[in-house]
Amino acid sequence: MVVPYVFGIVFETIWQSKTEQQEQGRHPYLMFHAATLADKDNKAVLFPAQSGAGKSTLAALLAAKGWSFFTDELSIVVPDTKQVFSCPLPVCVKDGAVKYLVDCYPLIEKLKQYCRLDKKNVRYLPIKNAALSFDVGATLQAIVFPQYEQSIACELVVIDKTEALLRFLECGSSGRRMKEHELASVLKMLEALPCYYLKYSDINLAKLELEAVLF
């Protein structure tokens, strides 16, 4: 039970630090329920998703395939500048996701299991290709809303800004209601970035599709 609390404290400490740094500035930091990864040129993609969509599994697999891992859970973003910061803590892997990760992370089945407050058993997986520092930043190139579905064809489709906003707001902002100026920053970011919906079952096909379209 201790480990999940420790990671939560780390997230909160980083978030508070970033908030204090910009308290007097024009560009607010916001925290979103999203994964973030970047390519070799440090071009980043934000993957917002609700629990159960396969966000963490996608992040772990893309990292194993060479993408730079920033976070799988909470992304610290400056919407006005489209900058996102790394928070490369171990990925929280639920029991159902282990079989999809074992080929890339052979030791995952030997990791200790923890029972979260929601009664789900999880493992904390150290990720390959993780960003080296909590202060590493990158510029967002796109927003992709992922959804894993077994045996489905890979499809990456453009979505309009209204749908993107509705999906984005479902993910929440650091557990609180956004203020008016923060919402305005998010709208500006969504207008400036291409937004997609990704359905996939094969990570290799998803990776090829993402790289072909985004980079």
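1. Helices (H or I, at least four residues) and strands (E, at least two) are taken here as DSSP runs, numbered from the N terminus. The model is a predicted one, in which local features need pLDDT of at least 70 and side-chain atom pairs count only at pLDDT 80 or more, while totals for chains, interfaces and linings use all residues. Residues are numbered from 1 along each chain as its sequence is written, and side-chain values use heavy atoms, with hydrogens and water left out.

2. Helix H2 (residues 55–64) is largely enclosed by the rest of the structure, because nine of its ten residues are buried (under 20% relative accessible area, with exposed meaning over 50% and partly exposed in between, for a 1.4 Å probe and protein chains only). The buried residues of H2 include Lys55, Ser56 and Thr57 as well as Leu58 and Leu61. After H2 comes glycine 66, which has a positive phi, near 115°.

3. As for the cysteines, cysteine 87 counts as buried at 1% relative accessibility, whereas cysteine 154 is partly exposed, with a relative accessible area of 24%. The count of disulfides (pairs of cysteine sulfur atoms within 2.5 Å) comes to zero.
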